[in-house]
Amino acid sequence: MTEHELFTAKQWLEIKNIRNSLLRETDWTQVNDHPFSDQESLLIKDYRAALRNIPQEFNSPESVVWPQKPDVLKAS
């Protein structure tokens, strides 16, 4: 593995760690007694899906665009 490949692998690992942390922050929203409306739940579901799909959606770590956290979660 070249130095560049190692650097890229390290960047992907860091991105996945951040992604996993953001998912963990919103895990509580997936329980049955969450306080969100159907529309808010859909926004949260879409946000979480976008986070999970980051490794598949982007070709390089430099091209990653983080999804915007829904407003309903910003106050949480």
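In this predicted model, Thr 29 touches His 34, Phe 36, Ile 44, Arg 48 and Leu 73, when residues up to four places away in sequence are left out of the count. Thr 29 is placed in the loop that runs between helix H1 (3-26) and helix H2 (38-52). The relative accessible area of Thr 29 is 4% and therefore under 20%, so the residue is buried. The side chain of Thr 29 takes part in polar contacts with residues on either side of it in the sequence. A polar atom of this side chain lies 2.5 Å from the backbone oxygen of Thr 26, and a polar contact of 2.7 Å links the side chain of Thr 29 to that of Gln 30.

His 34, one of the residues touched by Thr 29, is also found in the loop between H1 and H2. With a relative accessibility of 26%, His 34 counts as partly exposed, whereas Thr 29 is buried. Apart from neighbours within four places in sequence, His 34 is in contact with Thr 29 and Ser 41. A polar atom of the His 34 side chain lies 3.2 Å from the backbone nitrogen of Phe 36. Phe 36 is itself among the residues that Thr 29 touches.

Arg 48, another residue in contact with Thr 29, is found in helix H2. Its relative accessible area is 11%, which is under 20%, and Arg 48 is therefore buried. With residues up to four places away in sequence not counted, Arg 48 touches Leu 23, Thr 26, Asp 27, Thr 29 and Gln 30. The side chain of Arg 48 reaches the backbone oxygen of Leu 23 at a distance of 3.0 Å. Arg 48 and Asp 27 are 21 residues apart along the chain, and their C-alpha atoms are separated by 9.2 Å.

The packing of the two helices was examined next. Two packed helices are described by the angle between their axes and by the distance between those axes. For H1 and H2, the angle is about 160 degrees and the axes are 9 Å apart. Because angles over 145 degrees count as roughly antiparallel, H1 and H2 are roughly antiparallel to each other. Their crossing is left-handed. On the H1 side, the contact is made by Arg 19, Leu 22, Leu 23 and Thr 26, and on the H2 side by Tyr 47, Arg 48, Leu 51 and Arg 52. By class, the residues of this contact are 4 nonpolar, 1 polar and 3 charged.

Asn 20 is also found in helix H1. At a relative accessible area of 27%, Asn 20 is partly exposed. The side chains of Asn 20 and Arg 19 are joined by a polar contact of 2.8 Å, and Arg 19 is one of the H1 residues in the contact with H2. Asn 20 and Arg 52 are 32 residues apart in sequence, with a C-alpha to C-alpha distance of 8.2 Å. Arg 52 is among the residues that H2 brings to its contact with H1.

Asp 71 is placed in helix H4 (residues 71-74). Its relative accessibility is 61%, over the 50% limit, and Asp 71 therefore counts as exposed. Asp 71 and Ile 44 are 27 residues apart in sequence, and 9.5 Å lies between their C-alpha atoms. Ile 44 is included in the contacts of Thr 29, as is Leu 73.

Notes. Residues numbered from 1 in each chain as written. Predicted model: local features only at pLDDT ≥ 70, side-chain atom pairs only at ≥ 80, totals over all residues. Heavy atoms only, no water. Helix = DSSP H or I, 4+ residues; strand = E, 2+ residues; numbered from the N terminus. Buried < 20%, exposed > 50% of the residue type's maximum accessible area, 1.4 Å probe, protein only. Polar contact = N/O pair within 3.5 Å; in protein donor to acceptor, adjacent residues only side chain to side chain. Contact = heavy atoms within 4.5 Å. Axes fitted to C-alpha atoms, helices over the stretch in contact; angles between N-to-C directions. Parallel < 35°, antiparallel > 145°, perpendicular 65-115°, else oblique. Left-handed = near helix turned anticlockwise from the far one by under 90°. Nonpolar A, V, L, I, M, F, W, Y, C, P; charged D, E, K, R; others polar.
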